[in-house]
Amino acid sequence: MERGIGLAPAFPRRPEGPLARYRPPELEDAAAAFVSHLTSSGDLVLDLFCRGASFLRPAVRQGRRAVGVGVNPIGLLLAGMELQPPAHPHALSAAFTRLGDQPKGGRPLRRHLVDLYRARCPTCGAAGTAKWFAWDREASYPYAKAVRCPRCDEVQEGPTEEEDIAAARRFDPKGLPYHYALGRVVPLEHPARERAAELVDLYTPRNLTALMDVTLRLEGLEAERPVRTALQGILVETFDRGSSLDPYGEARPRPRTLRLPARFLERNVWFLLEEGLEQALARLPDRPTPLPRAPDLPHLLSNPQPAYVLHPSPAQRVDRVLPPESVALILADPPRPDGVFWALCALWAGWLWDDAAVARAMRPFLRRRRFDWEWHRRALQAALTAASTVLRPDGHLVTLFVEPDRSLVTSVCMAAAGAGYSLIGWGADPQAGCHLTWRWAGRQSKSVDVESLARDLTEAAERLARSCLEERAEPTAPVLLHAAVYAGLAEESHLARAAAVVRREPAEPPSPPPLAFTVQAVEAGTARVSLQEDETTGRLWLPSAREETVEPLADRVEARTLDILLSRPEWTTPDLLWEIYASFTGPLTPDLSLVIACVESYGRFEDGVWRLREEDKPDRRAEELRTLREELKTLGQRLGFRVGEGKGRDIRWREGRRDVYLFILSSTAALGRYLLHGPQIPEGAHPCLVFPGGRAELLARKLRRDPRLARAAAEKGWHFIKFRHLRRLIAEGLDRRLFETMLGLDPIVEREGVQIPLVL
Ligand SMILES: [Zn+2]
């Protein structure tokens with residue numbers, strides 16, 4: 001069977017820690033698989049858009065050297081925090097205490113900050129501290145509060161009083177902290193000043209005062225690098241939660257715009273810091289295994305020992321950071337065109353680092369109000385072009401991401417193709433994400449005839465969409481179909497041509513920007529393919545035609561899983577899954593959940609490895625089927641049927657010339673060949689599929705995920721009977737009526753939809 005590079009089968013992880021609500025799912029296990037299969041010891045691995053540890057960590061753990069570059073210092077901060085946490089929890093707690101002890105107006109900072117939020121308990125009137133105030137944006141005052149009350153010994157919520165409103169208004173909205181906060185981000189007279197002021201206005205004057213006090217004192221605090229980094233992480237999370245962007249009384253995962261909600265929360269900054277500390281301590285590993293960190297890039301490059309370096313640089317300038325042809329693998333999870341997040345990062349980076357270079361590098365993101373996909377494609381193409389010069393001739397670029405917005409696939413494929421890469425393998429799955437592996441080919445398209453390009457894109461998109469669905473022969477997730485079209489267009493060089501449209505002289509009449517142009521032409525092509533859609537899952541398939549002769553992908557994946565388990569006595573989970581996916585790449589990428597169901601049906605996980613189940617050894621299954629077949633014949637005769645074989649069935653129980661029961665004996669959960677492509681079922685006959693109990697979960701899953709199978713089963717009245725149920729019926733000595741009744745009394749699985757999680 002042909003093997004290739006497809007999906008690195010692994011579930012993404014939900015990000016944790018500071019700014020988690022802005023961060024896409026992390027693909028650490030997928031990255032680990034690519035590092036393992038595409039590089040060797042000592043090789044250099046580059047995380048081109050570093051904003052966490054998930055690519056660098058698996059690289060260094062496998063003995064590679066790793067470089068993370070990024071323009072956003074907050075992304076690098078998060079990576080540094082995860083790669084090198086404080087060695088001891090008490091080091092972090094002690095530094096936090098020292099921060100709270102820093103003097104402010106003759107008192108400890110902690111005391112000063114807590115006093116900013118003094119408020120009376122709305123229940124008993126005792127003096128307490130507000131956890132938050134809820135503000136009305138229009139009226140511009142706090143109308144509700146939650147107070148930690150020492151007398152009630154709990155947090156009490158209620159309306160504010162005159163003195164709460166007076167206290168909130170004591171802070172000058174344009175006072176010293178305001179100008180300080182603004183000045184750290186942009187100098188006076190700078191064109192981005194107005195925009196920066198809008199961002200600073202996302203904070204109440206009280207919270208801005210408190211945050212600037214903490215920021216200044218953290219700068220002056222003596223602390224080791226990992227401890228300082230952890231404190232900065234806590235502070236940046238406090239910048240986020242301490243803004244006025246979170247509405248009162250509704251859960252919202254993350255702000256979508258930079259407008260204040262009509263009713264917003266002003267949270268107590270000191271309490272936020274304390275919560276941040278608590279969470280940071282909880283996240284510290286029990287037994288930290290620190291990864292070697294090189295002091296700087298020259299050290300890393302001149303020494304073959306595994307280590308990592310974080311290097312602030314825009315990806316577009318990575319060719320000035322690393323030597324030519326030095327990198328074996330580039331991992332790229334491209335930043336999203338997320339204007340809210342980038343603007344906030346520009347603001348917070350200015351606050352956290354008193355560094356003109358940092359502020360300057362982030363300023364473009366402050367000023368840009370709209371981040372559209374065409375902008376994204378161009379920026380990404382520039383980055384990938386720069387990266388191509390540092391890639392070894394035998395090196396790989398892997399773009400990998402999980403993103404509900406399909407435009408990211410479009411942008412990535414166009415950018416990579418436009419930068420001169422050729423696609424050598426890919427896979428996509430709604431859960432695991434989209435993984436595309438590229439080699440540098442230096443392919444450049446020059447002159448582009450826009451009209452013939454549009455025609456080619458439309459024609460190819462239609463053909464690619466149709467052939468993807470024909471090859472799979474089963475309902476397919478829209479994300480996979482979309483990826484199949486764009487990956488196919490990249491492979492056939494259409495996207496490189498499309499990306500080159502921009503280099504042309506202005507067309508007459510002007511054509512839309514390359515990405516919009518491409519999307520239009522592709523949509524015209526895919527719209528020509530008539531599709532069936534499953535309303536609940538959104539999966540798509542071709543209504544008829546060639547797929548009827550092709551076995552559904554799910555059945556092929558099941559058969560391949562058995563072959564692979566037979567080919568070697570023991571498999572680790574990553575090796576087994578990688579091997580299965582190497583047989584089904586690109587348009588054939590199977591669902592990860594289906595593959596896992598196949599593995600669990602045939603495999604037993606013990607002592608860290610998968611083995612084929614004893615009962616699934618081919619000899620045992622063959623013997624079992626032989627016995628059952630004989631017993632079925634005997635039973636049929638005892639019940640007074642004429643027993644026969646043939647016509648695509650293992651056993652036929654007949655009465656006169658009429659088929660009454662038609663039995664298929666199968667050791668697998670393959671369904672397509674019987675339910676979709678099998679011979680006609682005569683009127684009045686009962687088709688029965690007899691299968692091992694160990695296949696039940698898999699079989700039920702197949703019926704659930706493929707509405708064509710479910711419909712065929714219902715229309716023809718298929719019975720699904722487990723081996724052991726049939727043996728019970730044979731042993732009972734039933735008459736015909738009882739046999740008919742008992743046949744239907746065996747549900748495929750006891751509880752539908754129960755999933756056994758795979759041990760990874
Ligand atoms: Zn009280």
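The points below cover the metal site, the sheets, the cores and a few single residues.

1. Basis. This is a predicted model, in which local features need pLDDT of at least 70 and side-chain atom pairs count only at pLDDT 80 or more, while totals for chains, interfaces and linings use all residues. Residues are numbered from 1 along each chain as its sequence is written, and side-chain values use heavy atoms, with hydrogens and water left out.

2. Zinc site. The zinc ion has as protein donors the SG atoms of C121, C124, C149 and C152, at 2.1 to 2.4 Å. Donors here are N, O and S atoms within 2.8 Å of the metal (3.2 Å for Na, K and Ca); water is not among the atoms, so sites may look incomplete. The angles among the four donor atoms are 102 to 118 degrees, and the site is tetrahedral. Ideal angles for four tetrahedral donors are 109.5 degrees.

3. Donors along the chain. The spacing of the zinc donors is C-x2-C-x24-C-x2-C. C121, in the loop between β5 (118-120) and β6 (127-136), and C152, in the loop between β7 (141-149) and β8 (154-159), are 31 residues apart and link distant parts of the chain. Helices (H or I, at least four residues) and strands (E, at least two) are DSSP runs, numbered from the N terminus. C121 counts as buried at 2% relative accessibility, whereas C152 is partly exposed at 23%. Buried means under 20% relative accessible area, exposed over 50%, and partly exposed in between (1.4 Å probe, protein chains only).

4. Seven-stranded sheet. Seven strands form an open sheet with mixed pairing, in the order β10-β2-β1-β11-β12-β14-β13. Each of the edge strands, β10 (308-312) and β13 (421-429), has a single partner, so one side of each is left without a neighbour in the sheet. From one strand to the next the twist averages 20 degrees. Two strands pair if DSSP finds at least two bridges between them; β1 (residues 44-47) and β2 (residues 65-70) run parallel and are joined by four. Within this pair, D47 stands opposite G68 of β2. Helix α18 (residues 478-491) lies across β13 and β14 (433-440), at about 170 degrees to β13. Such angles run from 0 to 180 degrees between N-to-C directions, with axes as lines fitted to C-alpha atoms, for helices over the stretch in contact.

5. H396. This residue is in strand β12 (residues 391-401) and is buried at 9% relative accessibility. The C-alpha atoms of H396 and A328 are separated by 6.4 Å, although the two residues are 68 apart along the chain. Leaving aside neighbours within four places in sequence, the contacts of H396 (heavy atoms within 4.5 Å) include L38, A328, I424 and W438.

6. Nonpolar cores. Which residues touch the most other members of the largest nonpolar core? In that core of 76 residues they are L46, L48, L322, L384, Y421, L436 and L489. Apart from it lies another core of 74 residues, among them Y22, L77, L202 and L208. A nonpolar core is a set of buried Ala, Val, Leu, Ile, Met, Phe, Trp, Tyr and Cys residues joined through side-chain atoms within 4.5 Å.

7. Most residues other than glycine have a negative phi. L19 has a phi near 60 degrees and is buried at 0% relative accessibility. E189 has a phi of about 70 degrees; this residue is in the loop between α7 (176-183) and α8 (193-200) and is exposed at 76%.

8. Helix α8. Six of the eight residues of α8 are buried, so this helix is largely enclosed by the rest of the structure. The cover over its buried residues includes α7, α9 (205-219), α13 (339-352) and α14 (356-367).

9. Five-stranded sheet. A mixed, open sheet has the order β19-β20-β21-β22-β23. Its edge strands, β19 (642-646) and β23 (719-722), each pair on one side only.

Methods. Tetrahedral: all angles 85-135°; square planar, octahedral: opposite > 155°, others 65-115°.
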